[in-house]
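Here is a friendly tour of one structure, meant to be read with the model open beside you. Take a look first, and then we can go through it topic by topic.

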Amino acid sequence: MSIANYLYLSAILFTIGAVGVVVRRNAIVVFMCIELMLNAANLAFVTFARINGNLEGQVVAFFTMVVAACEVVVGLAIIVTIYRSRRSASVDDASLLKR
Amino acid sequence: MTTSNNLVWLIALPLLSSGLLLLLGKRADKWGHLLATTVSASAFAIGAVEFFAMQGRDVLDRPVTQKIFTWISVGNFNVDASLLLDQLSICFVLLITGVGTLIHIYSISYMSHDHERRRFFAYLNLFIAAMLLLVLGDSYLNLYVGWEGVGLASYLLIGFWNQKPAYATAAKKAFVANRVGDIGLSLAIMIAFATFGDVTFKGIEEHADHASSAAMTAIGLMLLLAAAGKSAQFPLQSWLGDAMAGPTPVSALIHAATMVTAGVYLITRSNFIFDAAPTAQLMVVIVGVITLLFGAIIGTAKDDIKKALAASTMSQIGYMILATGLGPIGYAFAIMHLLTHGFFKASMFLGAGSVMHGMKDEVNMRKYGGIGKFMPITFVTFGLGYLAIIGIPPFAGFYSKDKIIETAFNAGGLKGILLGGATLLGAAITAFYMSRVVIMTFSGNERWGHKDEPHESPALMLIPISILSIGSIASGFLFARGDSLVNWLKPIVNPAGEQHLEEFLKPIVVSSMAVFAVLIGVSIAIAKYRGELQSEAPAKVNALTRAARRDLFQDDFNETVFMRPGQGLIKSLLNIDYIVIDGLVRTVGSFSVGAGQTLRKVQNGYVRSYALMMIVGVLALLVTVWLTTS
């Protein structure tokens with residue numbers, strides 16, 4: 001099995017994540033899609049580490065996971081707060097600007 | 001050259017008094033006129049003292065100077081605010097303060113019913129100060145300050161009753177016409193500075209030989225333009241008739257005796273320039289001849305007594321300007337006519353004011369008639385002025401005008417005959433229109449159309465008129481006797497002692513011709529206006545009369561040639577400004593507004609659309625990087 005397939009998988013996951021962010025309204029789902037994109041990036045890092053035969057990519061992947069964990073904490077807190085005040089988790093409802 | 005410390009008071013006194021009266025306002029109402037008159041009389045006293053002191057000195061020591069302060073000091077260029085009182089200035093100082101004082105006295109009574117009399121006297125004093133500065137300045141720059149000052153005073157006094165819009169317009173017209181002339185004077189000063197690096201009369205006179213004739217001609221022509229503006233000469237004459245909107249004492253002082261003669265002073269003072277610029281001199285003669293006939297023709301058709309006198313002033317100043325253009329010998333005769341004219345024209349204007357006073361401010365001579373028996377003193381004094389202006393010997397005008405006619409005839413060749421003929425014709429027309437004024441006003445049938453009889457004016461008005469009319473009897477004889485004025489002015493205007501070019505006609509022949517021309521004019525006037533007159537001006541008149549009633553179309557000409565194209569130019573410039581310049585600015589503005597409107601829609605508040613934009617942007621970047629690197 002060619003190692004390039006990992007990269008294809010990473011690209012496909014990233015695209016699914018990006019499309020999900022754009023098309024879904026539910027904030028939780030949007031958040032999950034973002035996580036998907038981060039994991040796609042992680043996969044790419046690890047794959048490149050494997051291709052180049054060194055450890056830098058793997059180290060970056062750990063960093064990404066930590067950042068993603070922090071992000072989830074903050075992001076979920078925001079989403080919960082918004083849900084409390086607006087009784088909705090739809091990202092479209094959170095627009096206050098005039099059209 | 002003598003120095004004196006008194007000269008500055010000549011100017012400072014009336015200036016201070018004027019400022020005081022204007023600043024104190026109503027508090028000075030009770031005594032303002034008395035202060036102004038006293039100040040004017042003191043200026044006359046200083047002038048008289050200086051005159052007698054000057055007479056006592058040697059010819060070379062006669063001019064007096066006083067440096068007041070250093071005005072401009074830039075590198076090599078120095079202008080002092082200095083005064084110069086010489087044989088020429090002293091004539092003007094005595095005329096301005098003498099006639100000015102008499103007119104102040106007259107105005108006390110004439111303006112007694114006007115609740116703004118104090119302001120009137122403040123302006124009169126301002127005028128006296130400015131006019132004295134004009135004739136006392138020792139450089140063109142100092143003269144210019146006075147020149148502008150009299151223009152301001154004239155504007156303020158013409159528009160003294162500015163609650164009437166027509167009068168305010170007349171004031172503005174005078175101011176604008178004067179500005180055109182002022183441009184001439186400032187250009188002349190600039191050319192003189194560029195040529196000589198100096199603007200004092202003395203400095204320019206000393207270096208006059210070194211200058212190119214082109215520069216001299218340019219300065220001369222610009223000075224002539226200035227003189228034409230201030231002295232109501234062709235082609236800037238149109239303001240003088242309307243200037244009669246001012247109170248009559250103002251017409252007498254500013255628009256007859258003194259300010260309008262400033263042009264004659266300017267040309268006489270600049271004799272060294274005109275003597276070196278024959279072309280400019282010829283233009284001076286032409287302007288003088290045109291104006292003297294122009295004014296005379298307008299005078300024949302005016303029914304407004306003040307406007308008839310104004311036309312006559314214009315014509316008489318034409319004589320003076322003509323004389324100044326006739327070379328060194330003419331200057332003294334111009335000044336002589338200026339001084340005699342100052343007496344008789346002021347006396348007639350004040351007489352006209354006296355008539356108006358007795359006739360409820362009526363100015364239309366068609367509504368006068370037979371006033372002589374009600375106002376005998378006014379009639380006699382006006383009559384003396386009349387005899388003086390038409391030039392009946394031995395009254396003042398005879399001596400002075402006769403000298404100008406003689407000089408014109410002796411100018412040589414065809415030019416002399418033409419000029420002489422024109423001056424004779426002018427004298428005949430003058431005799432005609434002045435006789436018309438006298439007949440229509442003082443004799444004939446009574447046409448005033450109401451029962452109230454005219455009454456003689458109070459003594460305070462009659463005394464100044466009487467003194468002036470004594471001047472119009474005696475001044476000509478005194479000036480002409482033994483060529484006293486000519487010899488007095490000789491060191492200033494004719495140092496070389498130049499005589500007539502040729503004696504074309506003997507003086508006695510010229511005098512007889514002049515008197516004959518005058519008699520013709522008088523007889524025509526008597527024949528035409530002897531009988532019963534209607535109180536309305538006849539409507540069916542010939543083309544020349546119609547033209548003269550419209551001031552020979554001077555206003556129509558100005559409006560067609562200058563005003564309308566000027567307005568068209570302004571309008572098109574306004575349009576260009578609106579369409580092109582404002583249009584450009586508006587386009588830039590509307591572009592930013594439009595851009596804002598469009599870009600605003602991007603910020604819609606939907607997180608998902610922001611995310612989409614980010615993705616598209618990143619993709620675009622990637623594509624760019626991929627395309628540029630591969």
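What follows is a short briefing on the sheet, the helices, the cores, the chain contact and some backbone details.

This is a predicted model, in which local features need pLDDT of at least 70, side-chain atom pairs count only at pLDDT 80 or more, and totals for chains, interfaces and linings use all residues. Residues are numbered from 1 along each chain as its sequence is written, while chains are lettered from A and ligands numbered from 1 in the order in which they are written.

**The sheet in chain B**

- Three strands of chain B make up an open sheet with mixed pairing, in the order β1-β2-β3. Strands here are DSSP E runs of at least two residues and helices are H or I runs of at least four, numbered from the N terminus; two strands pair if DSSP finds at least two bridges between them.
- The edges are β1 and β3 of chain B, each of which pairs on one side only.
- Strand β1 (residues 2-3) of chain B runs parallel to strand β2 (residues 64-74) of chain B, with two bridges between them. B:Thr2 has B:Val64 as its bridge partner, and B:Thr3 has B:Thr65.
- Strand β3 (residues 77-85) of chain B is antiparallel to β2(B) and is joined to it by nine bridges. In this pairing B:Phe69 is partnered by B:Ala81.
- The hairpin of β2(B) and β3(B) has two residues between the strands, and B:Gly75 takes a positive phi near 55° there.
- Helix α1 (residues 7-24) of chain B lies across β2 and β3 of chain B, at about 75° to β2(B). Such angles run from 0 to 180 degrees between N-to-C directions, with axes fitted to C-alpha atoms, for helices over the stretch in contact.

**Helix packing**

- Helix α15 (residues 328-358) of chain B packs on helix α16 (residues 376-390) of chain B at an angle of about 145°, and their axes are 9 Å apart.
- On the α15(B) side, the contact residues include B:Phe344, B:Met348, B:Gly351 and B:Val355, and on the α16(B) side they include B:Phe382, B:Gly385 and B:Ile389. Residues are in contact if their C-beta atoms, placed from the backbone, lie within 7 Å.
- By class, this contact of α15(B) with α16(B) has seven nonpolar, seven polar and one charged residues. Ala, Val, Leu, Ile, Met, Phe, Trp, Tyr, Cys and Pro count as nonpolar, Asp, Glu, Lys and Arg as charged, and the others, Gly among them, as polar.

**Cores and burial**

- Which residues have the most contacts inside the largest nonpolar core? They are B:Phe127, B:Leu132, B:Leu223 and B:Ala346, in a core of 199 residues. A nonpolar core is a set of buried Ala, Val, Leu, Ile, Met, Phe, Trp, Tyr and Cys residues joined through C-beta atoms within 7 Å.
- The largest share of this core, 17 residues, comes from α15(B).
- A second, separate core has seven residues, among them A:Ala18, A:Ala27, A:Cys33 and A:Val91.
- Helix α11 (residues 262-269) of chain B is mostly covered, with eight of its eight residues buried. Buried residues have 20 or more other C-beta atoms within 10 Å of their own, exposed ones 12 or fewer, and partly exposed ones fall in between, with C-beta atoms placed from the backbone.

**Where the chains meet**

- Nine residues from chain A and nine residues from chain B take part in the contact.
- On the side of chain A that touches chain B, six residues are nonpolar, one is polar and two are charged.

**Backbone details**

- Most residues other than glycine have a negative phi, and most peptide bonds are trans.
- A cis peptide bond joins B:Phe234 and B:Pro235, with omega about 5°; B:Pro235 lies in the loop between α8 (213-230) and α9 (239-242) of chain B.
- The bond from B:Pro393 to B:Pro394 is also cis, with omega near 5°, and B:Pro394 sits in the loop between α16 and α17 (396-409) of chain B.- A:Arg87 has a positive phi near 55° and is found in the segment after α3 (56-86) of chain A. A:Arg87 is exposed, with 8 other C-beta atoms within 10 Å.
- B:Ala232 also has a positive phi, of about 55°, in the loop between α8 and α9 of chain B. B:Ala232 is buried, with 30 other C-beta atoms within 10 Å.

Technical notes. Contact = placed C-beta atoms within 7 Å.
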